[in-house]
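Please examine the structure below and consider on what grounds its features are described as they are.

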Amino acid sequence: MPTNFTVVPVNDEEGNSIKATGGDKPVSLNNIFRDEDKENNSDGSQSGDDVQRESHPFINSDHDIEQYDGKNMALFEEEMDRNPMVSSLLNKLANYTNLTQGVREHEEAEDGVRRVAIMVPQMGTFIGVYLPCLQNILGVILFLRLTWMVGTAGILGSLAIVSMCCICTLLTAISMSAIATNGVVPAGGSYYMISRSLGPEFGGAVGLCFYLGTTFAGSLYIIGTIEILLTYIVPTATLFEATSIESEGTAALNNMRVYGTCCLLLMALIVFVGVKYVNKLALVFLACVMLSILATYAGVIKSAIEPPEFTVCLLGNRSLKNDKFEVCAKTMTVDNQTLTTDLWKLFCNSEHLNATCDDYFDLNNVTEIPAIPGILSGVLKDNLWGDYGPAHTVLEKKNQDSVPAQDTSGDIHKPYVFNDIATYFTLLVGIYFPSVTGIMAGSNRSGDLRDAQRSIPIGTIMAIVTTSFLYISCVLFFGACIEGVVLRDKFGNSVKKNPVIGILAWPSPWVIVIGSFFSCCGAGLQSLTGAPRLLQAIARDGIVPFLQIFGHGKANGEPTWALLLTVGICEIGILIASLDAVAPILSTFFLMCYLFVNLACAVQTLLRTPNWRPRFKFYHWTLSFLGMSLCLSLMFISSWYYALVAMVIAGCIYKYIEYRGAEKEWGDGLRGLSLNAARFALTHLEESPPHTKNWRPQLLVLCKLDSQLSVKHPRLLSFTTQLKAGKGLTIVCSVLEGTYMTRGTDAKTGEQNLKAVMAAERTKGFSHVVVSSNLRDGFSLLIQSAGLGGMKHNAVLMAWPAGWKQARDSSARRNFIETVRETTEAQQALLVAKNIDHFPGTHERLKEGTIDVWWIVHDGGLLMLLPFLINQHKVWRKCKMRIFTVAQMDDNSIQMKKDLQMFLYQLRLDAVVEVVEMHDSDISAFTYEKTLVMEQRSQMLKQMQLSRTEREREAQLIHDRNTASHFTKEDKASTEKPDRVHMTWTKDKLINERNKQREGMVVKDMFNMKPEWENLNQSNVRRMHTAVKLNEVVVKKSQDSQLVLLNMPGPPKNKKGDENYMEFLEVLMEGLDRVLLVRGGGREVITIYS
């Protein structure tokens, strides 16, 4: 909110302003809003009015209305520190600028001093979007490969390729326009749009693919530059010379690699030192492109009037390289003498007329035809259909008669024009597609635009329409003007090493050569300028940890490290050294980027998120899906193996960001998609309860937080991870005592601590901390309401309250027992872990040991299922499973063992079975003593709950009884009535009272607990006997086991026995280290059926 406004007092007659502000100093508006009480007390004469004003719901505007300007908004003054006034918000929006460091870095002074004035973007649609897109779309493929593509695929095939690619980019531009006009798009272009629409995982993966595409585009342009240089400008400047015909290809590639590497280093140095000049020369490079295109159109027009004089020499129907001979004839007549020509020497073993010549040379005549018959010549019909062929085949003219030779083994050494690579339709798609990329140039410059939301759609779509018209018209003109055998000549060998498009251009082929050379240089520099900034933007977002170093650079923000990485990757493309091999690589990366732009638009449109309000209205989700499908198809058409590699790279980056990257919340569409999918799944889950085969423990983990709001038992979450292995639902909850108004911040802190421990223990699930008036109500609400729809918990996991005996009050005991009762009532399973801090951590590995299951009663099979789930985790994987069951006197233990083994076999569980016989035996003295101590403690706990008044009254009564001086029966009768109230305070008090009785005093035992065992509660004695005997057997068999699972007996229905219930459980688990008490939820959870 605004904090820079001040209220300046003005001297008036009454001086109210000075009094209101407390002096002559300017007062911050926030201080006035926040210190209302101080302000009200600053003027003693108005104290009565102040009190009345505070008690009144509204401030009377008649009183000191001139106190400050915002007084008419006093109703909202308490919210001003969080919610600014609308005027302040609009002021901040009006002064907002989306210029990034990359936009302003070259506007700084040379001495490093940053200018204070902010440059306001002033670029319009034509300069800011249309021309950059035009420059990026038109490039190397147009000048070096389009004529070859028309000759190979034919006019119809070329139109199909151009139409597919242009429709793909047009649909992508429509989707991009919708995204770009849905709010302010800072400088970042496609990466920003995808990441903010599909999330950081997709954004990072596709952003890096787009970066790789841009980097390989630099390689493509540099290879094109060197190809123009070595083929057309200075063909003699080669470093590697071919020693034979077979080594010509290798020598050419090596020359390309050396010169390409030198060119790359030179361009990188220019970008590092003087990138500002690259930006300023962009218009010059664009002028070269437009001049070359205009020269081509001028040549087309001229061909209709006067075709150029370039000719092609044919031997039969085969095209010949004419750089080594001038006369297209076998012999020539000079002074009435027949002499052989240079062409004769290329096919014969001597220059004499009786020389032995090649068979094909002898059988066929040499003819010379015009290379460019002209637009009116009718050559259009011959070029309608394609002419594909394998590598190293001779280019032949269609519809031209020839006599085939018997022996063609020596053709490779003759001056024919060959196909250098095998040609097929899908290859041409991959080579051509880079010529339609560059549609993101406008969105990449969004920070420079005056009105980006208007300029980006109009400029981009107009640029695509313009370039599509240019490409389609060029396909038609090339096919209508140039001879087919010349079109298929990729390097112009049959027209004296001139580019084929150059011989069509007017006035000279050098217009095309020079124009395309500078165009490729400029495009390469632009790629080396843009790619490092894109990588820097990804690195600065912090979503890919290993890229953080590339977010740094020079003092002015120049991405030095990113430039070095870009140069290294670009060198890989240059080492490939073939424009035809590099083009499909960047086609794949660009197509993947365009695919996700369409996906982002489609997802946002279908989800109808409230924030999806593009100003560009001419879009539809069907167009986006059509564009996405077309991109995917073109990826695999271009090169299926490059498409798979790109997908693997993107998938690896996606998973890396998902697991190791920083969590970013950008309001992306995939989050909305996840919510819709979750809603759909939840509504279908709620229709029917899960089948027994699909049952798995959906845990509600009840954690305790200490006074510092830290997790008290982190190993409880470790055990949760080991039990769940990331499957199913896990809700980790805790309860704070108090009110949410006072402890809301503590609840959020506790939840963050829970999440931190869950992350450390690799527990996948949800965390929640609630605030309740007491712990019992909080846990009760969680058991009832945690989860949503069909995704509700069916089991509760908690730690055993180890300190319940030492606690001063009985809240821990009561909370535990009520939790047991409520889970039983809710038909939910309950898991209670004793000594949870002794359980192994997630990173530990138990090398041996057993997991012992004591199956006393059938609880739905949960006791069988849990050890199997635990055993799946690598912590417990080497532990063996043992199952013990108890046989009574009437049971056949041998048959029980066989039946249990068969049952486990049908359940597909591997476990050792053992039947333990427990014979009926007399109740031991130890059991009676245990029961006596338990009941004494129960009476003590009851008496501890008496109020203070009752304690004082009872204490006085006991004192009166103890001071009695005679021992009559009446005295004994008078002491019996107070004996009904059993009360004590401490154990020492109990011992003192017993000693007094032994000394002969008349006062009986205050607890009404006679040492005779026959007066004890027989039900408690039987329960204690069971606990003691069962504990003896369990300790004997399982004392050394890694984990013991026991059936958990339920609490008594009568709440008067709650105190004894905890004692029974303590005795049952005595002497065991790791124990998991299990109480089933009342349904079968395991089945023998498939």
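The questions and answers that follow concern a predicted model.

Q: How confident is the predictor in the chain, by mean pLDDT?
A: The mean pLDDT of the chain is 78, and 75% of its residues reach 70 or more. Over residues 95-121 the pLDDT is below 50, and this stretch has 43 contacts in the model beyond near neighbours in sequence. Residues 996-1016 also have pLDDT below 50, with 37 contacts in the model beyond near neighbours in sequence.

Q: What makes the pair Glu227 and Arg145 a salt bridge?
A: The closest N and O atoms of Glu227 and Arg145 are 3.0 Å apart. The cut-off for a salt bridge is 4 Å between a side-chain nitrogen of Lys or Arg and a carboxyl oxygen of Asp or Glu, so a pair at 3.0 Å qualifies. Because Glu227 lies in helix H11 (residues 200-233) and Arg145 in the loop between helix H8 (140-144) and helix H9 (146-180), the pair ties together parts that are 82 residues apart in sequence.

Q: Why are Glu227 and Arg145 called buried?
A: Buried means under 20% relative accessible area. Glu227 has 5% relative accessibility and therefore counts as buried. Arg145, with a relative accessible area of 3%, is likewise buried.

Q: Which residues are linked with Arg145 and Glu227 in a network of salt bridges?
A: The network links Arg145 and Glu227 with Asp420, Lys490 and Asp580. The structure holds 19 salt bridges.

Q: What makes Asp411 and Arg318 a salt bridge, and are the two residues buried or exposed?
A: Their closest N and O atoms are 3.2 Å apart, which is within the 4 Å limit, so the pair is a salt bridge. The pair links distant parts of the chain: Asp411 is in the loop between strand E7 (366-370) and helix H16 (425-432), while Arg318 is in strand E4 (residues 318-319), 93 residues apart. Asp411 has 8% relative accessibility and counts as buried. Arg318, at 8% relative accessibility, counts as buried as well.

Q: Why are Glu844 and Arg715 called partly exposed?
A: Partly exposed covers relative accessible areas between the buried limit of 20% and the exposed limit of 50%. Glu844 has 34% relative accessibility, so the term applies. Arg715, at 26%, also counts as partly exposed. The side chains of Glu844 and Arg715 meet in a salt bridge at 3.5 Å, N to O. Glu844 lies in the loop between strand E12 (829-834) and strand E13 (850-855) and Arg715 in helix H27 (residues 714-724), so this pair ties together parts that are 129 residues apart in sequence.

Q: How do you know that Asp852 is buried, and what does its side chain contact?
A: Asp852, in strand E13, has 0% relative accessibility and thus counts as buried, the limit being under 20%. Its side chain makes a polar contact with the side chain of Thr850 at 3.2 Å and with the side chain of Ser1038 at 2.6 Å. Both distances fall within the 3.5 Å cut-off for N or O atoms. Leaving aside neighbours within four places in sequence, the residues in contact with Asp852 include Arg882, Phe884, Lys1037 and Leu1045.

Q: Why is Leu1068 called buried, and where is it placed?
A: Leu1068 is in helix H38 (residues 1058-1069). Its relative accessible area is 7%, under the 20% limit, so Leu1068 is buried. Not counting residues up to four places away in sequence, Leu1068 touches Ala1027, Leu1030, Asn1031, Leu1046, Asn1047 and Pro1049. Leu1068 and Met1048 are 20 residues apart in sequence and 9.6 Å apart in space, C-alpha to C-alpha.

Definitions and conventions
Residues numbered from 1 in each chain as written. Predicted model: local features only at pLDDT ≥ 70, side-chain atom pairs only at ≥ 80, totals over all residues. Heavy atoms only, no water. pLDDT = per-residue confidence, 0-100. Contact = heavy atoms within 4.5 Å. Helix = DSSP H or I, 4+ residues; strand = E, 2+ residues; numbered from the N terminus. Buried < 20%, exposed > 50% of the residue type's maximum accessible area, 1.4 Å probe, protein only. Polar contact = N/O pair within 3.5 Å; in protein donor to acceptor, adjacent residues only side chain to side chain.
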